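Hi,

Here is the structure I promised to pass on. Have a look at it first, and then read on for what turned up.

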Amino acid sequence: SMINEFVEASLGFDSAAKGMAHLVGNTAIDGSSARKYYYFLKLMDGSTTGGRVPTSHVAVEAALQTRPNMLLLTEEVDARRMTLRDVVREIADVVALR
């Protein structure tokens, strides 16, 4: 359990997904008022916290709730063996279509 003197309550999947979706949604509202800017958000998953197995299910749930233009998953990038050039090209294609 993570409940200790610094953490009042543990954070479950639903709370994490709703919290991230709320932040992504707020950023999307801000972004829609400034059309010349693009916002890139990195949501925490297992690979960013030192975990051995990426856990992008929270990012997927937040994306389902907010419907972003693009979602890059650690597992997908690894499975497709994408290079940085591939990722940048995919992002640039989405930006060009928008």
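Which residues lie nearest the centre of the largest pocket, and how many residues line it? Before the answer, please keep in mind that this is a predicted model.

The pocket first. Tyr39, Phe40, Leu41, Pro68 and Met70 are the ones nearest its centre, out of a lining of 33 residues. The space inside the largest pocket comes to about 1100 Å³. Sorted by class, its lining holds 20 nonpolar residues, nine polar ones and four charged ones. Helices H1, H2, H3 (74-79) and H4 (84-97) each put at least two residues into that lining. H1 gives the most, with five residues.

Now for the two helices that meet. H1 covers residues 13-33 and H2 covers residues 57-66; their axes come within 8 Å and cross at roughly 50°. That angle is why H1 counts as oblique to H2. The crossing of H1 past H2 is right-handed.

If you want to find the contact on screen, look on the H1 side for Phe13, Ala16, Ala17, Lys18, Met20, Ala21, Val24 and Gly25. On the H2 side, pick out His57, Val58, Glu61, Ala62, Gln65 and Thr66. Between H1 and H2, the contact residues split into eight nonpolar, four polar and two charged.

Cheers

Terms used: Residues are numbered from 1 along each chain as its sequence is written. This is a predicted model: local features need pLDDT of at least 70, side-chain atom pairs count only at pLDDT 80 or more; totals for chains, interfaces and linings use all residues. Side-chain values use heavy atoms; hydrogens and water are left out. Axes are lines fitted to C-alpha atoms, for helices over the stretch in contact, and angles run from 0 to 180 degrees between N-to-C directions. Helices (H or I, at least four residues) and strands (E, at least two) are DSSP runs, numbered from the N terminus. Angles under 35 degrees count as roughly parallel, over 145 as roughly antiparallel, 65 to 115 as roughly perpendicular and the rest as oblique. A crossing is left-handed if the near helix is turned anticlockwise from the far one by less than a right angle, and right-handed if clockwise. Contact means heavy atoms within 4.5 Å. Ala, Val, Leu, Ile, Met, Phe, Trp, Tyr, Cys and Pro count as nonpolar, Asp, Glu, Lys and Arg as charged, and the others, Gly among them, as polar. On a 1 Å grid over the protein atoms alone, a cavity is a set of points where a 1.4 Å probe fits but cannot get out, and a pocket is an open set with protein on both sides within 12 Å along at least five of seven lines; lining residues have an atom within 4 Å of a point. Grid points are joined across faces, edges and corners, and a volume is the space filled by probe spheres set on the points.
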